[in-house]
Amino acid sequence: MNDVVNPDTYERLSISPRDNGVFVLTLNRPSKRNALDVTTIEELIRFFSGARIAGVKAVLLAGEGDHFCAGLDLIEHWKADRSPDDFMHVCLRWHEAFNKMEYGGVPIIAALQGAVVGGGLELASAAHVRVAETGTYFALPEGQRGIFTGGGATIRVSEMIGKYRMIDMILTGRVYQGQEAVDLGLAQYITEDGGSFAKAMEIADKVAQNLPLTNFAICSAVSHMNNMSGMDAAYAEAFVGGIVNTQPAARERLEAFANKTADRVRPNS
Ligand code: 1HE
């Protein structure tokens, strides 16, 4: 087994592979509400740096216990009494982890229950699909804690819900939950309480059936292209399309469509 996906080599993350190439990656520190300490971030970097090469087809990202993630480990941060330089490097490691997730080319489906707050929301934002439950709640308590974001909320949360809603969340500590959170863009799916894991698994199983190179383009190129000018994105899209849309493995699927054996796209019943 590739060491990157060897569960025995992780302390904070539990990793369980399934036969179809879906890996369940669980933040496993429920007694601290899965707060993100230095070790957890380093383990996320390690896993997501090597996941695609190790053959991971999709990741179901979950949090053990009643809460997905309570964000930055505030106790570790308080005890370390960090210098500005130290904390800048902490933030750079968070960015390394979350950029590896967003741009790494492996679909990540997050199952979100309970609190998804501060850095926990930043972590969830780096997933490609978010599944919330009725009771899941989203917040940026940084303003009240006397700190600021450092794991990409200014970028990804602003992108999901708009700059001024994000500013309001961090200024006032406003909490969004339920259908309203989904309508704003904090998650794409909502289930009853206790249902997010099963729904995320259904999605992960489905996307793992796509060709890996297609998923790589979807879960890497789209984000890169969103950082480019329209002209440059169009050019880059043509390049990516040139490679992905001519991959030999796609011919079988195209042939099935031509032979009328492939599923047709139909409206929801
Ligand atoms: C923690 C943390 C944490 C819990 N760091 N230890 N994030 C926050 O401001 C959220 C802080 N946490 C909470 O508001 C609540 O803990 C929860 C809503 C998540 C859960 O409430 P509850 O009642 O279930 O748990 P609890 O009793 O508050 O906490 C249980 C334990 O988890 C307790 O430890 P214990 O040893 O006393 O049992 C807590 O100290 C511990 N715990 N949350 C450390 N965050 C790169 S910049 C990112 C900036 C941020 O992320 S700021 C947002 C921080």
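These legends walk you through close-up views of a predicted model. Local features need pLDDT of at least 70 and side-chain atom pairs count only at pLDDT 80 or more, while totals for chains, interfaces and linings use all residues. Residues are numbered from 1 along each chain as its sequence is written, and side-chain values use heavy atoms, with hydrogens and water left out.

**View A. Residues around the ligand.** The ligand has 24 residues around it, and K32, A70, L72, G119 and R145 come nearest (near: a heavy atom within 4 Å). By class, this shell holds 11 nonpolar, 7 polar and 6 charged residues (Ala, Val, Leu, Ile, Met, Phe, Trp, Tyr, Cys and Pro count as nonpolar, Asp, Glu, Lys and Arg as charged, the others, Gly among them, as polar). At least two shell residues each come from α2 (74–80), β5 (115–117), α4 (119–125) and α5 (142–145) (DSSP runs numbered from the N terminus: helices H or I, at least four residues; strands E, at least two).

**View B. Oxygen atoms of the ligand.** Look for a ligand oxygen 2.7 Å from a polar backbone atom of G119. A ligand oxygen also lies 3.3 Å from a polar backbone atom of S31, and one is 3.4 Å from a side-chain N or O atom of H67.

**View C. Helices α10 and α11.** Helix α10 (residues 212–226) packs against helix α11 (residues 230–244) at an angle of about 175°, with axes 11 Å apart. That makes the two helices roughly antiparallel (angles over 145 degrees, taken between N-to-C directions on a scale from 0 to 180 degrees, with axes fitted to C-alpha atoms over the stretch in contact). The contact includes L213 and M225 in α10, and A233 and V244 in α11 (heavy atoms within 4.5 Å).

Methods
Polar contact = N/O pair within 3.5 Å; in protein donor to acceptor, adjacent residues only side chain to side chain. Parallel < 35°, antiparallel > 145°, perpendicular 65-115°, else oblique.
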